[in-house]
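Dear colleague,

Please find below the sequence and the structure that I am handing over to you. My findings follow directly after them.

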Amino acid sequence: MIKVLAAGIVVAVASWFYSSSPVTPAVLIHTSQFVHKAAPLAESLQRPWWKDAVIYQIYTRSFQDSNGDGVGDFEGIISRLDYLADLGVDAIWISPAHPTPDVDFGYDVQDYMGINPQFGTLEDFKQLVAEAKKRGIRVIMDLVVNHTSDQHPWFVESRSSKNNPKRDWYIWRDGKDGKEPNNWLSRPGEAQLPLFTLWLSAWTYDAGTTQYYMHSFFREQPDLNWRSPEVRAEIMKVMKYWLDMDIGGFRLDIANYYLKDMQFRDNPMHPSIDFMRRTFYPYDGQQHFFDKDLPETLAIFQDMRKLVNAYDAMLVGEIDAQHNGKAVAMYHGKAGDGLNMAFNNLGRTLDADTLPFTAAAFQESLAVWGQELPFWAQPSFTLSNHDQPRHFSRFGDDERKARIGALLILTLRGTPILYYGEEIGMRQASIAKHEMQDPLMKLAWPISNFLPQLQRDGCRTPMQWTHREPFAGFSRVQPWLKMAPGVEEANVEKQVRDSSSLLNFYRRLIALRKQHAVLRVGGQILLKSPHPDILAYKRTLGDTEALVLLNFGDKAHPLVLGKHQVLFATDSENRNNGALAPYAGVVLITKS
């Protein structure tokens with residue numbers, strides 16, 4: 001029998017039975033890659049709410065339809081607030097709530113002060129905020145201010161004349177040598193041809209004023225000019241308008257795109273991108289030195305942070321930082337005066353590739369973030385969202401692996417962000433061409449069949465409340481988007497009655513996090529395990545130590561606990577038999 005010692009716990013591995021190759025005995029050691037000390041206990045008790053919160057993302061169109069039009073709405077969310085309170089979440093992040101032509105399903109805003117009539121009225125929104133607050137839940141709005149819709153009155157004015165007062169509210173440039181102003185590319189600006197993809201410029205020519213306007217995404221989403229003092233002042237007014245309604249803060253869409261190079265220089269080509277990726281996704285073939293991630297963007301976040309601090313609210317930024325963890329860290333500021341948090345999709349690499357389900361891959365991802373983030377910065381972790389395939393399916397539709405993922409993000413130092421339906425194991429849906437709703441998927445077909453990052457419809461399917469109704473209790477009529485597979489098992493009604501279900505696993509795990517301060521505010525040390533299948537890290541607070549062990553492999557490992565006690569386990573085998581089962585995890589605790 002070979003033993004792996006870990007600060008008072010012995011992980012006993014019978015290598016001759018469980019593994020074909022010998023394992024050299026070693027102690028789980030500290031690695032300097034991800035070390036964060038706990039704050040003093042008195043300071044820990046005065047932490048801002050967002051550091052201890054569990055946030056739940058709601059794609060409003062797909063959560064609950066209350067009026068029978070097949071589209072989710074605010075009244076539908078209100079009707080499910082008790083469910084969210086029972087789950088244990090502290091805040092909900094809702095998708096963009098404003099009027100929109102829906103070129104990008106709300107991420108093309110037509111009126112920042114209005115409410116999308118599909119979702120309800122302003123009074124409905126205020127009621128949502130008030131009812132959520134009664135249950136201890138804050139509402140976080142999705143703020144899309146890198147760009148607007150081309151139907152926004154600001155842009156309509158801007159493009160009407162070169163002399164219009166709002167002309168410089170957007171980015172207009174003359175062409176260069178009869179072509180676009182530079183080589184910048186738009187993210188989803190592709191036009192599909194039968195055998196290849198033609199990727200379009202980030203510039204669209206406006207014949208009326210004989211200039212080009214810039215758009216980082218669809219041509220119907222012109223970028224705002226954040227170098228205009230008037231634009232900055234107007235966006236601050238927008239934020240204050242909603243903060244005055246007692247919201248909990250903002251999720252900032254694609255926040256690192258706000259500023260562009262004042263000289264509009266060409267982006268250089270990226271030397272390390274392979275031929276296939278450069279061919280089928282040329283945007284990644286450039287080094288985006290000049291169209292995003294400009295250091296002076298931090299000043300914008302600092303102004304926003306001053307505003308939200310006055311309301312006890314927060315900012316969480318979507319930072320699309322190509323191969324660049326330092327850029328993500330930069331936006332927190334040098335003294336914690338920038339973003340409160342930046343998203344870390346723990347299921348993806350910084351290159352936006354899907355992370356393999358291995359201990360080594362997840363350890364490397366955690367180490368990168370641990371190295372780059374300042375010690376005082378608050379990480380945030382998520383495994384799925386409205387732009388990425390659901391992790392339950394990425395993990396092979398294996399509930400054991402989904403439980404490992406949940407245990408990971410809910411015991412790591414940082415703020416976990418759950419995606420609606422993950423707590424019941426909702427799967428990624430396969431969407432046929434005639435069923436597609438997402439403009440990006442339609443535009444990218446058939447390439448979208450092979451690129452998971454373009455299959456956004458499949459992760460936005462309606463929430464599954466019951467298996468006894470035609471549309472899973474989401475709506476009385478055909479929903480705006482087809483249902484995902486597996487409704488018979490993956491639904492709230494069935495799982496809430498089953499104490500061993502994934503839903504009740506999430507409930508217990510969130511309650512555990514709230515009950516044990518070491519899992520919320522404790523310091524963290526990423527441990528180096530000599531066994532390739534085990535990811536290990538330690539949380540410490542005062543004399544309390546919690547050790548988390550996650551088995552990403554298909555072989556069991558018996559546990560000899562020593563002075564540790566099993567605080568939580570992903571299944572009964574781990575708790576009752578002292579074994580770390582295949583694709584399982586435990587939280588062990590000790591007090592010195």
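Helix H6, residues 122-134 of this predicted model, comprises 13 residues and spans 19 Å from its first C-alpha to its last. That is close to the 18 Å expected at 1.5 Å a residue. Its buried residues are Asp 124, Phe 125, Leu 128, Val 129, Glu 131 and Ala 132. The elements that cover them include helix H4 (74-79), helix H5 (81-87), strand E6 (91-94), strand E7 and helix H8 (229-243). Just after H6, Gly 136 adopts a positive phi of about 75°.

Strand E7 (residues 138-143), one of the elements covering H6, also pairs with strand E13 in the parallel sense, over four bridges. Leu 143 has Leu 252 of E13 as its bridge partner. E13 likewise pairs in the parallel sense with strand E14 (residues 314-317), over four bridges, and here Leu 252 stands opposite Gly 317.

In a regular strand, side chains alternate between the two faces of the sheet. For E13 (residues 249-252), both faces are covered: Gly 249 and Arg 251 are buried on one side, and Phe 250 and Leu 252 are buried on the other.

Helix H8 also packs against helix H10 (residues 297-309): their axes come within 11 Å and cross at roughly 30°. Because this angle is under 35 degrees, H8 counts as roughly parallel to H10. The contact is made by Arg 232, Ile 235, Met 236, Met 239, Lys 240 and Leu 243 of H8, together with Ile 300, Asp 303, Met 304, Leu 307 and Val 308 of H10. The crossing of H8 past H10 is right-handed.

With kind regards

Conventions
Residues are numbered from 1 along each chain as its sequence is written. This is a predicted model: local features need pLDDT of at least 70, side-chain atom pairs count only at pLDDT 80 or more; totals for chains, interfaces and linings use all residues. Side-chain values use heavy atoms; hydrogens and water are left out. Buried means under 20% relative accessible area, exposed over 50%, partly exposed in between (1.4 Å probe, protein chains only). Helices (H or I, at least four residues) and strands (E, at least two) are DSSP runs, numbered from the N terminus. Two strands pair if DSSP finds at least two bridges between them. The expected span of a helix is 1.5 Å times one less than its number of residues. Contact means heavy atoms within 4.5 Å. Axes are lines fitted to C-alpha atoms, for helices over the stretch in contact, and angles run from 0 to 180 degrees between N-to-C directions. Angles under 35 degrees count as roughly parallel, over 145 as roughly antiparallel, 65 to 115 as roughly perpendicular and the rest as oblique. A crossing is left-handed if the near helix is turned anticlockwise from the far one by less than a right angle, and right-handed if clockwise.
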